[in-house]
Amino acid sequence: MHAGYIGIHTVICLLDEGIRVTILDSLDNASTKYVEFIQKLNAQDDQRLKLVIGDIRDQILLGNIFANEW
């Protein structure tokens with residue numbers, strides 16, 4: 001999920017449904033204020049939201065994310 005406007009609103013909907021979400025973003029074109037906003041909304045259940053800062057083209061990073069996925 002991207003930490004931009006549409007991605008963050010999608011994250012809110014998924015969290016409202018009880019779905020665990022991993023955000024993968026380089027934050028090059030996104031503001032950290034959106035991520036901070038989501039973290040405040042999700043403060044009651046930190047286990048449902050994970051932020052990974054990185055590039056989706058990084059195959060090693062993707063392998064690690066999926067290998068350690070909850």
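User: Why is Asp58 called partly exposed?

Analyst: Buried means under 20% relative accessible area, exposed over 50%, and partly exposed in between (1.4 Å probe, protein chains only). Asp58 has 35% relative accessibility, so Asp58 counts as partly exposed. Asp58 is found in the loop between β2 (49-53) and α3. Helices (H or I, at least four residues) and strands (E, at least two) are DSSP runs, numbered from the N terminus.

User: What kind of model is this, and which residues count for local features?

Analyst: The model is predicted; local features need pLDDT of at least 70, side-chain atom pairs count only at pLDDT 80 or more, and totals for chains, interfaces and linings use all residues. Residues are numbered from 1 along each chain as its sequence is written, and side-chain values use heavy atoms, with hydrogens and water left out.

User: What does the side chain of Asp58 reach?

Analyst: The side chain of Asp58 reaches the backbone nitrogen of Ile60 at 3.1 Å. A polar contact is a pair of N or O atoms within 3.5 Å; within protein, one must be able to donate a hydrogen and the other to accept it, and residues adjacent in sequence count only if both atoms are side-chain atoms. The distance of 3.1 Å for Asp58 and Ile60 therefore meets the distance cut-off of 3.5 Å.

User: What makes Asp55 and Arg57 a salt bridge?

Analyst: A salt bridge is a side-chain nitrogen of Lys or Arg within 4 Å of a carboxyl oxygen of Asp or Glu. The closest N and O atoms of Asp55 and Arg57 are 2.5 Å apart, so the pair meets the cut-off of 4 Å. The structure holds one salt bridge. Side chains of opposite charge can pair when their charged atoms come close.

User: Are Asp55 and Arg57 buried, partly exposed or exposed, and what are the values?

Analyst: Asp55 is at 29% relative accessibility, so Asp55 counts as partly exposed. Arg57 has a relative accessible area of 71% and is therefore exposed.

User: Why is Arg48 called buried?

Analyst: Arg48 has a relative accessible area of 14%, so Arg48 is buried. The place of Arg48 is in the loop between α2 and β2. The side chain of Arg48 reaches the backbone oxygen of Leu15 at 2.3 Å.

User: Where is Gly18, and how far is its C-alpha atom from that of Arg48?

Analyst: Gly18 sits in the loop between α1 and β1. Gly18 and Arg48 are 30 residues apart along the chain, and their C-alpha atoms are separated by 7.8 Å. Gly18 has 48% relative accessibility and so counts as partly exposed.

User: How do you know whether Ile23 is buried or exposed?

Analyst: Ile23 has 1% relative accessibility, so Ile23 counts as buried. Its place is in strand β1 (residues 21-25).

User: Why is Tyr5 called exposed?

Analyst: Tyr5 has a relative accessible area of 53%, so Tyr5 is exposed. Tyr5 is found in helix α1. The C-alpha atoms of Tyr5 and Tyr34 are 7.6 Å apart, and the two are 29 residues apart in sequence.

User: Where is confidence lowest, and where is it highest?

Analyst: pLDDT is the predictor's confidence in each residue, from 0 to 100. Confidence is lowest in helix α2 (residues 32-41), at a mean of 72, and highest in helix α3 (residues 59-67), at 93. The protein averages a pLDDT of 80, and 79% of the residues score at least 70. Where pLDDT is low, the predicted coordinates should not be read in detail.
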